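Hi,

Here is the structure I said I'd pass on. Have a look at it first, and then read my notes below.

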Amino acid sequence: MGSEAMEAAGARDPPERRRGAVMAVLLAALPLLLLLFLFGDRAASIAADALARAQVKQQSPRNASSSPREPDRLLGGLLSPNFDEPACRSRYEGSRRWKPSPFPVSPYLVRKLRQYEANHRRCGPDTSRYREAMAQLRSGRNGDRGECRYVVWLPVQGLGNRMLSLVSTFLYALLTDRVLLVHEPPEMEGLFCEPFPGTSWLLPASFPYKDVRLGSESKESYVTMLQNNVVRYDGGNASSALPAYVYLHLENMNLRLQSHTFCEEDHRALDGFNWMVLRSDSYFAVALFLVPTYRDELERMFPSKGSVFHHLGRYLLHPGNPAWGIAQRFFDGYLAGADQRLGVQVRIVWHHPVPFDVMFDQILRCTREHRLLPQLTGSEPPAIVRPSSNTTATSKANKVKAVLVVSLKPEYYDKLHGMYYNNATASGELVTVYQPSHDQDQHTEARAHNERALAEIFLLSYCDEMVTTSWSTFGYVAHALAGLRPRLLAPLDLSKMRSDVACVRPASIEPCLHSPPSLVCRRKQDLDPVAHVPFLRHCEDVDFGLKLVD
């Protein structure tokens, strides 16, 4: 119908019909006007909760059939559709490159995420509630339990550690109805996109305590407060009498987290503070499953225990446009056309120094024993012969396998590339080997280095198979995002510089908590939770570490 025809049709509408339409609009708006009249400021809160419930219903599997691409684009409802796509291209583009998740998303987790987003919009920076909470913080005392409560995340260590601890802190915020605020130092500026629609997770520059030197023995530390009787298990200290904030120190200390950080009574005491500042280098999400108070909520959010980082990492951690541009260009230029992609991630940790030849030999043993790479013939490789468009099946001889080497050092790429460049394979497959960067040393203080590292984590997560290094948080993040159980290079027997088994399949895709908490609490001996909790195991690469399994 042309514009003239539509105008004519509108002109022919009788006055009664137009009056009816106006009355319908007024009746639809009446509930909102009533909310504003009766509840004032609380009306926005009530409306936001209603909007969160409506979004969950809109994203439920029952409604997913309206658009064939929607379930993949929104990762089964994890992601909100209410974002400006150009501001963060990876949020929706990245999901197309992952294989489908092996773990269904719990509708309860989706509902919790939408409720969290609504609460963050109510309480986040630049809101009246945030300003009220800041005024209370600056007063030097905790005050009564606030409508909005916060956990401030401070970064430490390398990118892999930061991503693990950030996801853990977000899970803690979900469990305790706190708002997560992220301190973004210069080396992290723009590294990740904003994850919550209509608000910001960035800690405002005016926050007074982000540069205070805080440590395990600081007076602001929870354990120090406990020792000095500032906080008490028996609830003898009223919330209004507590200090303005509490510092929770969850850094690795001699391969342990601090005592009195994951006991039931400690989390009841911590719940009295409106403001918490938290620093961690660990995947302490595992330890939250040890606190009985949180167990029911965690069971409902994660029916599959092995999916915690997989789902929350895909929800929370989206590369900013500079890092995403690196990943996208490399993937499209070198990896997209391959029939199969193998990621090989090599990280030599300072406490397990391994010579190059020993590590390279172990990688070859692993890839050949598990048929991840084909044998060589010693003759020259053939020219690339791709199947024609009318070929119905691709023979093995025509297949191309792309190997992505991720390492700070170039030697692993050089040797592997030379082997498959100069020799044909027994299967006839063509093996191409690529390495995006080799910075030699870790430079967490440099933003460009972190952007390359983040791009390479995501490139690894788009591979079909993966070989990763023991103890590597970088590798943990990559395979957990991918939803893959990698071939994990087994720790060496340093006395003979060799392991009996080249690599193993982990029991789950979950990262390992290298530094489990002490569970002495008020018992006489430290308990091994693996003996008492059915969904916990010791890690394959860190025999005293803990990981979640199904």
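**Helix 17 and its neighbours**

On the helix 17 side, A453, E456, I457, F458, L460 and S461 touch F474, V477, A478, L481 and A482 of helix 18; contact here means heavy atoms within 4.5 Å. Sorted by class, that contact has nine nonpolar residues, one polar and one charged. (Ala, Val, Leu, Ile, Met, Phe, Trp, Tyr, Cys and Pro count as nonpolar, Asp, Glu, Lys and Arg as charged, and the others, Gly among them, as polar.)

Before I go on, a word on where this comes from: it is a predicted model, in which local features need pLDDT of at least 70, side-chain atom pairs count only at pLDDT 80 or more, and totals for chains, interfaces and linings use all residues. Residues are numbered from 1 along each chain as its sequence is written, and side-chain values use heavy atoms, with hydrogens and water left out. Helices (H or I, at least four residues) and strands (E, at least two) are DSSP runs, numbered from the N terminus.

Back to the pair. The axes of helix 17 and helix 18 are 8 Å apart, at an angle of about 45 degrees. Axes are lines fitted to C-alpha atoms, for helices over the stretch in contact, and angles run from 0 to 180 degrees between N-to-C directions. Helix 17 is therefore oblique to helix 18 (under 35 degrees is roughly parallel, over 145 roughly antiparallel, 65 to 115 roughly perpendicular, and the rest oblique). The crossing of helix 17 with helix 18 is right-handed, that is, the near helix is turned clockwise from the far one by less than a right angle.

Helix 17 also packs on helix 14 (residues 321–335), with axes that come within 8 Å and cross at roughly 45 degrees. So helix 14 is oblique to helix 17, and this crossing is right-handed. P322, A323, I326, A327, F330, F331 and L335 of helix 14 meet E451, R452, L454, A455 and L459 of helix 17. That contact has 10 nonpolar, no polar and two charged residues.

Helix 6 (residues 107–123) and helix 8 (residues 159–176) pack at about 85 degrees, their axes 10 Å apart, so they are roughly perpendicular to each other. K112, L113 and Y116 of helix 6 make the contact with F170, A173 and L174 of helix 8.

**Pocket and cavities**

On a 1 Å grid over the protein atoms alone, a cavity is a set of points where a 1.4 Å probe fits but cannot get out, and a pocket is an open set with protein on both sides within 12 Å along at least five of seven lines; lining residues have an atom within 4 Å of a point.

The largest pocket has a volume of about 1100 Å³. (Grid points are joined across faces, edges and corners, and a volume is the space filled by probe spheres set on the points.) Of its 44 lining residues, N161, R347, V349, Q442 and T473 are the closest to the centre. Which helix gives the most to this lining? Helix 17 does, with five residues. The lining has 16 nonpolar, 20 polar and eight charged residues.

There are four cavities of 30 Å³ or more, and the largest cavity holds about 160 Å³.

Cheers
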